[in-house]
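Colleague: Thanks for making time today. Could you walk me through this model, one question at a time?

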Amino acid sequence: MYEGAVQDLIDELGRLPGIGPKSAQRIAFHLLAADGADVRRLTDALTEVKLRVQFCEVCGNVAESERCRICVDPRRGDDVICVVEEPKDVVAIERTREFRGRYHVLGGAINPLDNVGPDDLRISELMTRLADGAVTEVIIATDPNVEGEATATYLSRLIGPMGLTVSRLASGLPVGGDLEYADEVTLGRAFEGRRVVGS
Ligand SMILES: [Zn+2]
């Protein structure tokens, strides 16, 4: 539709999650009209995030070194691991201040329609962590939707026979959505009222 660089920008923006063609076009023209310094801050932030941020070798959360700040924090308990789909879920749960253990980020959820199976998630890494005996409870905090439920069921069947307590967040979370959409109070209550599943 447009020439060269403008169309390239629209195409790249349009590949971002949640940004349709109209939004891509609007953002592109906003950037065209914006101050050079503002645009430079954005490009710097994009470059920096790719340079400095990596995924924690232990839990899969975002980190600025090999391990994330939660994995290196000596005040956190090693006996409970909370399993989530994405790093943004770690942020959502941290906001509730209900949890003082460690996390494990799967990198998504089981979704046959998108060809995402257990092997595509960081499940073997989780099993390795559980094998060392320090962990007594695994809290499965996947999203309250079909994929999150399927992942939770899969995990509880896998972990249950290991003799660990496996729990799920209490109901009351907005069904069908992302964990991050729940407000802190609701998510905090779901955490506190978590129920033990399987064994
Ligand atoms: Zn970590």
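Colleague: Let's start with two helices: at what angle do α5 and α6 pack?

Modeller: Happy to, and please keep in mind that this is a predicted model. Helix α5 covers residues 123-130 and helix α6 covers residues 146-159. Their crossing is right-handed. The axes are 12 Å apart, and the packing angle is about 35°.

Colleague: Which residues of α6 do the α5 residues meet?

Modeller: On the α5 side, the residues involved are Ile123, Leu126, Met127 and Leu130. In α6 they meet Tyr154, Leu155, Leu158 and Ile159.

Colleague: Now the other helix pair: are α1 and α2 parallel, perpendicular or oblique to each other?

Modeller: Helix α1 spans residues 4-14 and helix α2 spans residues 21-33, with axes 8 Å apart. They pack at about 130°. An angle over 145 degrees would count as roughly antiparallel, and 65 to 115 as roughly perpendicular. The pair is therefore oblique.

Colleague: What is the handedness of that α1 and α2 crossing, and which residues of α2 make the contact?

Modeller: The crossing of α1 and α2 is right-handed. From α1, the contact uses Val6, Leu9, Ile10, Leu13 and Gly14. From α2, the residues are Ala24, Gln25, Ile27, Ala28, Phe29, Leu31 and Leu32.

Colleague: While we are in α1, is Gln7 buried or exposed?

Modeller: Gln7 sits in helix α1. Beyond its neighbours within four places in sequence, Gln7 is in contact with Met1 and Tyr2. Its relative accessibility is 17%, and the limit is under 20%, so Gln7 counts as buried.

Colleague: On to the metal: what geometry does the site of the zinc ion have?

Modeller: The zinc ion is coordinated through the SG atoms of Cys56, Cys59, Cys68 and Cys71, at 2.2 to 2.3 Å. Angles among the 4 donor atoms run from 103 to 118°. Four donors count as tetrahedral if all angles lie between 85 and 135 degrees, so the site is tetrahedral.

Colleague: Are Cys56 and Cys68 buried or exposed, and what share of the protein chain's residues count as buried?

Modeller: Both of these cysteines, Cys56 and Cys68, are buried. Across the 199 residues of the protein chain, the buried share is 40%.

Colleague: How far apart in space are Ser167 and Val197?

Modeller: Ser167 belongs to strand β6, residues 165-168, and at 1% relative accessibility it counts as buried. Leaving out neighbours within four places in sequence, its contacts include Ile139, Ile140, Val196 and Val197. Ser167 and Val197 are 30 residues apart in sequence, yet from C-alpha to C-alpha the distance is 5.3 Å.

Colleague: And to finish, how many helices and strands are there, and in what pattern?

Modeller: The C-alpha atoms of the protein chain fill a box of roughly 60 × 35 × 35 Å along the principal axes. The protein chain has 7 helices and 7 strands. Along the sequence, the pattern is α-α-α-β-β-β-α-β-α-β-α-β-α-β.

Key:
Residues numbered from 1 in each chain as written. Predicted model: local features only at pLDDT ≥ 70, side-chain atom pairs only at ≥ 80, totals over all residues. Heavy atoms only, no water. Donors = N, O, S within 2.8 Å, 3.2 Å for Na, K, Ca; no water. Tetrahedral: all angles 85-135°; square planar, octahedral: opposite > 155°, others 65-115°. Buried < 20%, exposed > 50% of the residue type's maximum accessible area, 1.4 Å probe, protein only. Axes fitted to C-alpha atoms, helices over the stretch in contact; angles between N-to-C directions. Helix = DSSP H or I, 4+ residues; strand = E, 2+ residues; numbered from the N terminus. Parallel < 35°, antiparallel > 145°, perpendicular 65-115°, else oblique. Left-handed = near helix turned anticlockwise from the far one by under 90°. Contact = heavy atoms within 4.5 Å.
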